[in-house]
Amino acid sequence: MNSKPITLPSEDERHRLLQSPVNGEGLMLLFEAGLTWLMTNQQYVNSLNVFPVPDGDTGTNMVLTMQAALNEASQTPSRNVGEMARMFAQGALMGARGNSGVILSQIWRGFARALDHYETMDNGLFMRALQEARNTAYKGVVRPVEGTILTVIKDITSAAEVEATQTTKLSELLVAIVEAGDASVKTTPELLPILKQAGVVDSGGTGLFFIFEGMLRLIQGQPLDVTTAKVKPLSELELANTLETIEEGQDYEVVIDFAPKAEFRLEDYYEGLETIGTSIQVGEGEGIYRMHIHTLLDKRYEPIAYTEAVGTVKKIMMENLQDQMNQRQAEEEPVKCAPINAGEIGVVAVSPGVGLSKIFASLGAAAIVEGGQTMNPSVKELVAAFENLPTDRIIILPNNKNIILAAQNAAKVSVKQIGIIPTRNAPQGFAAMLRLVPDGTLEENEEAMNEAITEVHTGEITVATRTVEIEGVQVEKGEVIGLYDGKLTISASSVEEALKALFGKVNMGEFERITLFYGEGMTQTRVNTLVDQVRKDYPGHEIEVHDGGQPHYQLIIAFE
Amino acid sequence: MTTQENAQGKIYILPQAIKTVARHSALQSYGVISLAPANLAESVGRFVNKDADFGIEVETDDDGVNISLNLIIEYGLRIRTVTDSVAESVKYNVEKTIGIPVKRVDVNVRGLRISNPD
């Protein structure tokens with residue numbers, strides 16, 4: 001998801017546009033600010049998923065819905081709030097993505113209805129628009145579930161009903177709205193047990209909160225496009241991912257754990273860091289803060305000196321990113337697929353890791369699309385992968401349950417004949433590949449592949465992204481978990497233990513061959529020791545090992 | 001009827017149980033206003049018996065269950081997104097609470113309710 005920063009007007013202009021009552025341009029600006037701030041916090045919203053495997057996309061869905069809305073509204077800019085809101089709501093409806101996007105589109109639809117025929121919006125009208133938004137949102141469901149985005153719009157509206165009678169200043173009304181939104185988000189785990197179980201707040205409600213907070217930040221002149229001193233739990237610092245986008249001025253990555261002095265002020269600390277480097281993230285956990293920054297070569301010691309002034313430094317980690325990037329690039333040569341004969345069936349496989357891609361290529365895939373957990377390829381990427389193949393007959397292997405839908409949409413927009421085998425993981429994909437008869441009919445191939453994927457069982461070992469209890473399995477954040485055919489089966493403290501426990505739960509007698517695909521973060525030596533143990537424990541089984549290179553999953557296991 | 005077996009004996013799950021879970025889950029889904037009779041028999045049944053069960057068909061066989069939903073959706077929503085999400089949540093809840101695989105969820109949109117004609 002590229003986050004194109006929206007250029008906001010100068011401060012003077014902002015003041016002029018946001019003079020209450022707000023006109024159409026001002027309203028547009030508020031929506032833009034809401035979207036920008038939501039985009040800035042998109043990954044955080046995505047991380048609030050309730051299952052311990054990262055697969056959240058609420059933030060992304062809400063951003064896409066808001067973008068569609070804004071695009072529509074900017075086609076016919078109007079100085080009239082009624083007209084502006086109507087176009088905005090129209091765009092949100094057309095572009096609604098996911099459940100949260102649909103509810104958001106209803107919110108704007110109600111909002112727009114209240115503004116209909118009005119030139120400008122004062123606080124009273126803003127309040128009535130929120131009331132209508134709330135009512136419309138609740139009308140969309142017969143049995144509303146509380147502890148969701150619905151609760152947040154309801155609480156925001158209640159606060160606005162009180163505040164709108166007290167002040168005519170938009171900024172003051174928004175302060176009340178944002179405070180109520182914040183409090184409301186925090187109550188969601190009390191209302192919805194599954195959130196409490198997973199130890200998170202509701203993602204859709206949080207997204208809505210960011211939209212209104214963005215509006216307030218615009219009026220208060222606070223930045224919208226930098227991740228500000230939003231304190232996240234330590235586990236949510238996406239240190240690994242920040243590596244992928246290295247720009248100029250990011251030679252070194254410095255991570256410091258420190259205990260702040262009593263008078264520590266996060267906002268001030270943050271400001272200072274901004275003069276030193278980029279990609280700043282600060283996390284907090286039990287009295288310890290962790291700071292993450294990317295700096296230039298000659299500034300690499302500055303974050304340490306700077307942090308020592310505000311607290312006691314506990315631990316410093318420093319890495320040469322440029323060097324690491326060069327290494328990565330050398331490793332990540334794109335996988336080449338052998339050309340296929342014209343008219344034969346071409347298989348497009350979605351693969352999360354280089355090693356897995358190589359296996360798909362060696363099995364005869366015609367094209368590979370990178371993607372998997374938390375990095376779903378777009379419909380466009382999928383179409384691009386097969387559009388130029390010299391054949392009209394294509395089979396797609398999504399290899400992830402979240403990608404099946406994108407594959408179906410890709411099939412719809414293409415004129416080629418397309419079969420989709422609903423493979424949920426790489427082992428199923430391999431099983432399907434093995435049945436490929438390139439000069440057979442599409443139907444025969446689909447039938448054989450669909451049969452093949454029921455014959456392979458899959459184990460996955462990954463790290464829980466949060467503390468949760470699901471179906472009797474208690475998982476602490478950071479613990480290693482094992483899934484069997486997508487179901488959470490065991491938890492353990494190490495990959496080794498997890499593998500052992502998982503094999504204990506699986507009826508090993510049913511299978512003859514076990515194939516392990518190891519992912520990022522597993523070293524060759526560690527894998528060797530692990531495999532030796534497995535061979536010892538299960539001497540009757542054939543054990544194979546491959547470097548899968550997939551992120552998130554330390555091990556993917558195929559049972560045949 | 002779905003049959004499972006444990007150490008003590010057999011467990012039968014009747015379609016009615018699956019329907020109850022599916023109905024509850026569908027009605028909690030955003031955008032779904034009500035279930036709708038799928039055919040004449042159901043429409044008539046609904047007329048003579050207020051508690052008649054309608055709008056959900058369940059077929060089971062050895063390896064799972066197929067569910068078909070007949071729904072009224074709120075006007076003004078993106079229908080495709082609503083139906084995708086209903087199907088997903090019905091599948092998830094039936095599998096989670098009943099423990100049998102759901103092979104298909106077909107969604108038939110039988111009508112739209114207009115609460116606000118914009």
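**Close-up views of a predicted model**

**View 1. A:M87 sits in helix α5 of chain A, a helix that covers residues 81-95.** This is a predicted model, so keep that in mind for every view here. Is A:M87 buried or exposed? With 23 C-beta neighbours inside 10 Å, A:M87 counts as buried, because 20 or more is what it takes. Setting aside residues up to four places away in sequence, A:M87 touches A:E72, A:A73 and A:T76. Look for A:N71 too: A:N71 and A:M87 are 16 residues apart along the chain, and their C-alpha atoms are separated by 9.2 Å.

**View 2. Helices α4 and α6 of chain A pack against each other at an angle of about 40°.** Here α4 spans residues 58-75 and α6 spans residues 98-115, and the two axes are 8 Å apart. That angle makes α4(A) oblique to α6(A). As for handedness, α4(A) and α6(A) make a right-handed crossing. Which residues meet here? From α4(A) come A:T58, A:N61, A:M62, A:L64, A:T65 and A:A69, and they meet A:G98, A:S100, A:G101, A:L104, A:S105 and A:W108 of α6(A). Sorted by class, the residues of this contact are 5 nonpolar and 7 polar, with no charged ones.

**View 3. Helix α17 of chain A, residues 379-387, has buried residues at A:L382, A:V383, A:A385 and A:F386.** Look down the axis of α17(A) and its buried residues fall within an arc of 155°, so they line one face of the helix. What covers them? The cover includes the strands β6 (346-351), β7 (367-370) and β8 (393-397), along with helix α18 (404-413), all of chain A.

**View 4. Zoom in on A:V383, which has its place in helix α17 of chain A.** A:V383 counts as buried because it has 21 C-beta neighbours inside 10 Å. If you skip the neighbours within four places in sequence, A:V383 is in contact with A:A410, A:V413 and A:S414. A:N409 is 26 residues away from A:V383 in sequence, and the C-alpha to C-alpha distance for this pair is 9.3 Å.

View 5. Most residues other than glycine have a negative phi. A:H117 is not a glycine, yet its phi is near 70°.

**View 6. Chains A and B touch through 19 residues from chain A and 17 residues from chain B.** On the side of chain B that touches chain A, the elements giving two or more residues are α1 (15-28), β3 (32-35) and α3 (79-98) of chain B. By class, that side of chain B has 6 nonpolar, 8 polar and 3 charged residues.

**View 7. Stepping back, chain A has 22 helices and 17 strands.** Of the 560 residues in chain A, 47% are buried. Among the contacts in chain A with a separation of 6 or more, 68% are between residues 24 or more positions apart.

Terms used:
Residues numbered from 1 in each chain as written. Chains lettered and ligands numbered in written order. Predicted model: local features only at pLDDT ≥ 70, side-chain atom pairs only at ≥ 80, totals over all residues. Axes fitted to C-alpha atoms, helices over the stretch in contact; angles between N-to-C directions. Helix = DSSP H or I, 4+ residues; strand = E, 2+ residues; numbered from the N terminus. Parallel < 35°, antiparallel > 145°, perpendicular 65-115°, else oblique. Left-handed = near helix turned anticlockwise from the far one by under 90°. Contact = placed C-beta atoms within 7 Å. Nonpolar A, V, L, I, M, F, W, Y, C, P; charged D, E, K, R; others polar. Buried ≥ 20, exposed ≤ 12 C-beta atoms within 10 Å, placed from the backbone. Arc of directions from axis to C-beta.
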